[in-house]
Amino acid sequence: ALNAGLKSVTSDIVFLEDDDQRVASDFLVAVCRAVETYPDVSLFCGRLLPDWTGAEPRWIRLDGEYRIYPGPIPEFNLGDAPRRLTAEDVLPGGGNLALRSNTIRRVGEFSIELGPKGHNLAGGEDTAYISRALALGESMMYVPDILQYHFVDRSRLSLSYLFTLAFKRTHAVVRMQPKIRSFPRYVLR
């Protein structure tokens, strides 16, 4: 569906957003300002913060060595200063991504091998796309003023959800890696 939609794009800029996110009141202004300020940049992302209500369990917001990753509520926050991102940086998900239309033509389609199928928790098609774009020489800018909030779904706070999410997302990350031709024999044990 994403690839079909992108083929129909006629505007200069496209913004991808998840259906369970809401944008800040000055969101469109921030996207337009970023596109004008960085004319040489192909991809833009901003901050994505959990839309906390205060009813969440205390452990969900913990930082430190026992922090749950990936978190049950998507979050992307690299601070208050804009900066260019490289393939070595932590990359955003596709739910907070703006790109120039000509980038789509250069980079191609999103992977249909990765990503959710139905209601499963797989992912990775967005990260794979961004990684491929960067490998092809496209540039990416983090602009904190491009701000969105992600809905906090209480069902994502259960232990079974967290295990399933961690498994599916780890599986997606492994599938994005180059094919492994051999592995140490101790792994068989």
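Contact here means heavy atoms within 4.5 Å.

**View 1. The whole chain, a predicted model.** The chain has 189 residues, and 39% of them count as buried. Its secondary structure comes to five helices and six strands. Read from the N terminus, the elements run α-β-β-α-β-β-β-α-α-β-α. Take the contacts between residues at least 6 apart in sequence: 83% of these join residues at least 24 apart. The chain exposes about 11900 Å². Carbon and sulfur atoms supply 55% of that area.

**View 2. Strand E6, residues 140–151.** Is strand E6 mostly covered or mostly uncovered? Mostly covered: nine of the 12 residues in E6 are buried. In a regular strand, side chains alternate between the two faces of the sheet.

**View 3. Strands E3 and E6 run parallel.** E3 spans residues 43–51. Eight bridges join E3 to E6. Leu 48 has its bridge partner in E6, and that partner is Gln 148.

**View 4. Strands E2 and E6 pair in the antiparallel sense.** E2 covers residues 21–23. Three bridges link E2 with E6. Which residue of E6 is the bridge partner of Val 23? Gln 148 is the partner of Val 23. Gln 148 is also the bridge partner of Leu 48.

**View 5. Strands E4 and E6 pair in the antiparallel sense.** E4 takes in residues 83–85. The pairing of E4 with E6 extends over three bridges. Here Arg 83 has Tyr 142 of E6 as its bridge partner.

Terms used:
Residues numbered from 1 in each chain as written. Predicted model: local features only at pLDDT ≥ 70, side-chain atom pairs only at ≥ 80, totals over all residues. Heavy atoms only, no water. Buried < 20%, exposed > 50% of the residue type's maximum accessible area, 1.4 Å probe, protein only. Helix = DSSP H or I, 4+ residues; strand = E, 2+ residues; numbered from the N terminus. Pairing = 2+ DSSP bridges. Areas by Shrake-Rupley, 256 points an atom, 1.4 Å probe, with all protein chains shown as cover.
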